[in-house]
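Look at the sequence and the structure first, then read the points below.

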Amino acid sequence: MASIAFIGVGNMGGGMALNLAKAGHDVRAFDLSADALARVAAGGCTVATSAIEAATGADAIVTMLPAGSHVRAAYEGGLFDAAGPDAILIDCSTIDVATAKSLGEAAAARGLAMVDAPVSGGTAAADGGTLTFMVGGPADAFERARPILEKMGKAVIHAGGAGMGQAAKICNNMILGATMIATAEAFVLAEKLGLDAQTFFDISSKASGQSWSMTSYCPVPGPVPTSPANRDYQGGFAAALMLKDLKLAMAAAQGAGASVPMGADAASLYQLMVNNGGGNSDFSAIIRLLRG
Ligand code: NAD
């Protein structure tokens, strides 16, 4: 079994690190939060006093940090130097494509294997080991990362070279943000026209308006019992995180010269929702904003 440094054991990283420990790996965790470290220590991880201490001599280094600036600071501020020549570096955070690409290139220039491996799935999937990983980086680095990622997820997919995991993640979530708004708008219009929500669902979920936002995550209570709409939009995927991903998509689109008018509208509406204090609600609560 491998010795794995895990940097950033918060809401997502905590469950992921615990799944690696459960699989028999020697997990050395580091986080700035004592509470986050206490949780993983109770589940069998060893607590390190710094990221560098955790990474020194490790077979793999996994990071799960808030944003690109934290990830860059962690790798350039010590992890690249602490990593042994045979270590595999895996960044699972959701960050901007440009930073992911440049860190992948910096690792390669040092002769280190690195992948960007952002996840789809929230804290329940992180705890349950059922995340989907979208992985960018050289094919041999992907093959080395795969057995570790498989202990934390149900699907591990190679998306291409450095940064392409992040590209897949933000393109996917741009669809999700836009389809949720389109679905919520349709339910609001149906309501105002006097069309029963369940009846509309029964029709549209079998017609061309069907999407994951409707059939797995319906924004009105009733038709899909597991959707956050049935629990007052608590839990699920916070609107603030959707906004974060949409902003990353907008920045990437600007850099690539891509026209993304639907994504831009979705970003503005989620910004409004967050400004109105809705950032902690599930993103499907955008329907409340649309009701006016
Ligand atoms: P979080 O804030 O709960 O966890 C981040 C952890 O990183 C915190 O515990 C923080 O103390 C720690 N940290 C920050 N800087 C550090 C440093 N320099 N050294 C060590 N530890 C440091 O956030 P999260 O919800 O776990 O999200 C982590 C990443 O996963 C983000 O990039 C997020 O966008 C992505 N993500 C989150 C979800 C979700 O549902 N929460 C879903 C998919 C992807």
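On a 1 Å grid over the protein atoms alone, a cavity is a set of points where a 1.4 Å probe fits but cannot get out, and a pocket is an open set with protein on both sides within 12 Å along at least five of seven lines; lining residues have an atom within 4 Å of a point. The model is predicted: local features need pLDDT of at least 70, side-chain atom pairs count only at pLDDT 80 or more, and totals for chains, interfaces and linings use all residues. Residues are numbered from 1 along each chain as its sequence is written, and side-chain values use heavy atoms, with hydrogens and water left out.

**The cavity**
- One cavity of 30 Å³ or more turns up in a search of the whole structure.
- The volume of the largest cavity is about 60 Å³, a volume being the space filled by probe spheres set on grid points that are joined across faces, edges and corners.
- Its lining consists of Val 71, Asp 91, Ile 95, Ala 100, Leu 103, Gly 104, Met 114, Val 115, Asp 116, Gly 136 and Ala 162.
- Two or more of these residues come from each of α5 and β6 (113-116); helices (H or I, at least four residues) and strands (E, at least two) are DSSP runs, numbered from the N terminus.
- By type, the lining of the largest cavity has seven nonpolar, two polar and two charged residues. Ala, Val, Leu, Ile, Met, Phe, Trp, Tyr, Cys and Pro count as nonpolar, Asp, Glu, Lys and Arg as charged, and the others, Gly among them, as polar.

**The second largest pocket**
- The second largest pocket holds about 270 Å³ of space.
- It is lined by 16 residues, and Val 97, Ile 170, Ala 249, Ala 252 and Ala 253 are the closest to its centre.
- α11 gives the largest share of this lining, seven residues.
- The lining of the second largest pocket has 14 nonpolar residues, one polar and one charged.
- Domain 1 (3-161) and domain 2 (167-290) both contribute to this lining, so the pocket lies between them; the domain bounds come from an automatic or database domain assignment.

**The ligand**
- A polar side-chain atom of Lys 244 is 2.8 Å from an oxygen atom of the ligand.

Methods. Polar contact = N/O pair within 3.5 Å; in protein donor to acceptor, adjacent residues only side chain to side chain.
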